[in-house]
Number of protein chains: 2
Amino acid sequence: MVLQQLGIAAKQAAFELSQSTSKQKDFALNTIADLLILNSDQILIANQKDVQLAKESGLSDAIIDRLLLTEERLKTIAKDVLNVMGLKDPIGEMIDGYTLKSGLRLQRKRVPIGVIGVIYEARPNVTIDIVSLCLKTGNAVILRGGKETINTNTVLIKIIQDALGRTDLPANAVQTITNPDRKFITQLLKLDRYVDMIIPRGGAALHQLCREQSTIPVITGGIGVCHIYIDETADFIKALPIIVNAKTQRPSTCNTLETLLVHRNIAKQFLPMLSQIMAENDVKLHANEEARAILDINGALVELVTDIELRQEWLSKDLNVIIVDTLTDAVEHIREYGSGHSESILTRNLINAEKFVNLVDAAAVYVNASTRFTDGAQFGLGAEVAVSTQKLHARGPMGLDALTTYKWIGYGDDLIRE
Amino acid sequence: MVLQQLGIAAKQAAFELSQSTSKQKDFALNTIADLLILNSDQILIANQKDVQLAKESGLSDAIIDRLLLTEERLKTIAKDVLNVMGLKDPIGEMIDGYTLKSGLRLQRKRVPIGVIGVIYEARPNVTIDIVSLCLKTGNAVILRGGKETINTNTVLIKIIQDALGRTDLPANAVQTITNPDRKFITQLLKLDRYVDMIIPRGGAALHQLCREQSTIPVITGGIGVCHIYIDETADFIKALPIIVNAKTQRPSTCNTLETLLVHRNIAKQFLPMLSQIMAENDVKLHANEEARAILDINGALVELVTDIELRQEWLSKDLNVIIVDTLTDAVEHIREYGSGHSESILTRNLINAEKFVNLVDAAAVYVNASTRFTDGAQFGLGAEVAVSTQKLHARGPMGLDALTTYKWIGYGDDLIRE
C-alpha cells in the first residue's frame, strides 16, 4: 500500500512527539504563527490560484468564500494558532490515582493519542487549525485536504515544515496526502496499524464513507438536524429572537435550527407572529398541513414539508414548522428526525424543561437558549477539534482533551498478584 | 435486513431504560440473581447438554472447562450480579458544570450509551456478566454468544426475561441472536442506525472481523503480547517471583507475560537462575540465539524463537527470552512486538523506571510489578466490561463508566448567541 510509508513515518514522529515538552511544542506553534504572517504574500498568491480555478470550474459562491483567504483572514488564522499555544497543555496531567489493597500505586496519566488522520474539504484554515491542535497535544497528523485548496495547502504545509525544521520537533509530525485521487482516502482509512483516530470534517457523505470503510476508530459528527420545541407556556416575545438567532445567525453551520416544533394550543396565536418575523429575516417556511393552514393566512406561500426535508440540513434560510400535540410528541419527532446534535425547548414550565432535557438524546440539550451555542469556543473549551454526534470517546464540541488518551501506570514494591 | 427488528426494539428499550431509576435497575439485578439460584437445576441440565455436545465435537478440554457450569460456579455468577448491583450507579452524575460569559449555565451529565452489541465465545458466565453491567448502566444489549453454549444461554436468557417481566424494565432491554450463522454477526456490525457500540469478547480474529466490518464504534482489545524488561539494576531474587507470577498464574489470560527482555550485562548471571525456576514451574523457554547459548548450559533444550512467535500470545506455559543491549532496545522491541496491553520493568534505578514508563505506549505500564494486575477488579473498578487496547473512549480495564457517555445541558435566560 502506497500510504504505508506515511504511516510508518507518522508513527515514529508520534513516538518522538510524545516525549516533547510543552515549551518545544509552543515554540513550534509560535514559529508557525510568525511564518504565516511573514509569508502572507506567497500564501495569498497561491490562494488566488485556487480561487481562480474554483471560479473556472463553476464552484458555488459559498464554496469559493470558504476557500478564499485575505490578509485579514490570515491574521485571524495566525492569531488562532497563538490562542491554541496559550492553552494549558493537557499532556502529562494526572487524571487520578490511588493505592490499592494489593499495594499497587496506580495513576492515570494523560498522553497523546498518537497518529490522527484528518480528511477535510475546501477550507484552508482547517489545515492550520488541525495542525496546531495536534502539535499542542503531541500528536502526529496525516492530512488529506480538498483538491480545491491544493495550491494554498502546498504553501501552508511548506510553512509548517519550515517551522518544524526550526524546532526540535520531527518533520514527519505533519504529513499530507497531496494526490487528489479518492482511493487514497480509502487507503488512509485502512492504515489501522499506524493511525489511531480518524476525524472527518465535511458533509454527511464523507462521514458515511469513513464509517463504512474505516478500520480505525472514527469520530463522526458535524451533521445537525436541530430542533426547537416551543411549549405552550413559552413567552412568545422572548422566544422569537431565539428562533431568529438559531436559524439566521449563520445558516450554513451544523448547530443551526432546521425544524421548529410548535405546541398545538399556541399555534393559532404564535404562528402569525413567527410568519411575520421570518419574512422580515428572509426565511422561507416549510410546514406540515396543519401549520400551513395557519401560516398561509398571511399569504406567505408556505410550502408543504416533505419527510426527506425533515431529515436533512437546509444549510440555508429555510425553516420547517411542525405542529405537535404534546411535549411527548415533540420528543418523538426529535427521536425520529434528529441527528443527535442540538435540541432546545422554550418554556416557562420547570417540569416540562426537565422532562425535555431528560428525554431528548442529543449531544447538547438547551432550555431557553439558541442551538447556536453548541461550539467549542461558546462552551469555553478554548479550541474546537470537531463536533461529535456519536457517543464514544467524546460527544458534542471536542476540545484538546479529545485528542488525548491515558495510560495506567502501576508502581509496586516487587508486587505479584495473589 | 433480518436484524433490523431487533435493532428497532433495542433502541426503544434503551429509550425507556434511560428513564429508569437506580432502584428499578437494582431490583431487576436482584431478581436475576435470585432466579439463577432458584433455577440452578434447569441451568445445569442445559449446560450438561452443551458440554456433552462439545465433547462429541471433540472440542478441547480448555474450551469445555470454560463452557462448564457447576453449582459452585453458578453461585459465584449470582454473587457477581449482586456485586454489580451494589456498585454506585454512574448514571445521572454531573461530571462538571460552569457558567459561561454569555450567561449560559452548562452542565455535563452522565447518561447511558444506548444500545450495546456484544459478540462473545464459549463462556456462559459472560451472558450474565454483560447483562448485569448493561442493565446497571441503563443500556439495552443485543447478545451474540457462541454456538457451543446455545442450550445454556437459552435458559439463561429465559431467566433474564423472566426477571425483566417481574420489574418495570422493558423486555427488549436484553435480546439475543440465537441463529448460529456467522452472517448475523456481520449484520449486527452494520446496524449503526440502532446500535451505538460493539464489544467483541474473544480472540484476535473476532476483533479483526469487527474492526473490518463494523460501521459502529468497536472497542477492540483483549489481545496481550505482554513483556517484562529486566534491567541491569534489578534485584534478581525479587524479580524471579514476579516473572513466575506473570507467566504462570493463569497462562490463558491476556495480561500474561509472553516475552522476557533481559539486559545483556546481567544475562550470564540471571538466565541460569531463570532457567531453573522456569523448569520448576513447567515453563518451556523459547529464546533468541544469544540467550539460548546461555540457557542451554543447563541442557534445557531451549528452542529458537521465531518472529511470528514473538508477535502472538502463547496462552500456555511458554516464555520467550530475548537479550537486549539497553533499555532503549527493550522499548524498541516492545514498540515492534507489543500489542499495547501491559508492560513492566524490573529495576532499582529511578531514572530507568521513569524512562520506561514514559517511552512505552501501552494501556498499562508497571514498575516492579506483575503484568497480571491489568484487570478491572485489581484496578478497583468494581467490575470489568472488557480490556481495551485501543486509545479512544476507554483504555485498559473498562469499568461501568465505559458503558456511559455524557450529554451537555445548557440553561439560558432566553439566550441568543452574540
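**Aromatic rings up close**

**View 1. A:F379, B:Y406 and B:W408 come together as one aromatic cluster.** Keep in mind that what you see is a predicted model. For a pair of aromatic rings, two things give the description: how far apart the centres are and the angle of the planes. Across all chains, 9 aromatic pairs turn up.

**View 2. A:Y366 and A:F373 make a tilted pair.** Here the ring centres are 6.5 Å apart and the planes meet at 45°.

**View 3. A:F379 and B:W408 pair up across two chains.** This one is tilted as well, because the planes stand at 50°, with the centres 4.9 Å apart. Where does each partner lie? A:F379 is in the loop between β13 (364-369) and β14 (387-388) of chain A, while B:W408 belongs to strand β16 (residues 404-415) of chain B, so the pair links the two chains.

**View 4. Are A:F379 and B:W408 buried or exposed?** A:F379 has 0% relative accessibility, so it counts as buried. B:W408 is buried too, at a relative accessible area of 4%.

**View 5. B:W408 has a charge over its ring.** The charged end belongs to B:R108, and it sits 5.3 Å from the ring centre.

**View 6. A:F15 has B:R335 over its face.** Look for B:R335 at 3.7 Å from the centre of the A:F15 ring.

How values were computed
Residues numbered from 1 in each chain as written. Chains lettered and ligands numbered in written order. Predicted model: local features only at pLDDT ≥ 70, side-chain atom pairs only at ≥ 80, totals over all residues. Heavy atoms only, no water. Phe/Tyr/Trp six-rings, centres within 6.5 Å; stacked < 30°, edge-to-face > 60°. Helix = DSSP H or I, 4+ residues; strand = E, 2+ residues; numbered from the N terminus. Buried < 20%, exposed > 50% of the residue type's maximum accessible area, 1.4 Å probe, protein only. Lys NZ or Arg CZ within 6 Å of the ring centre and 35° of its normal.
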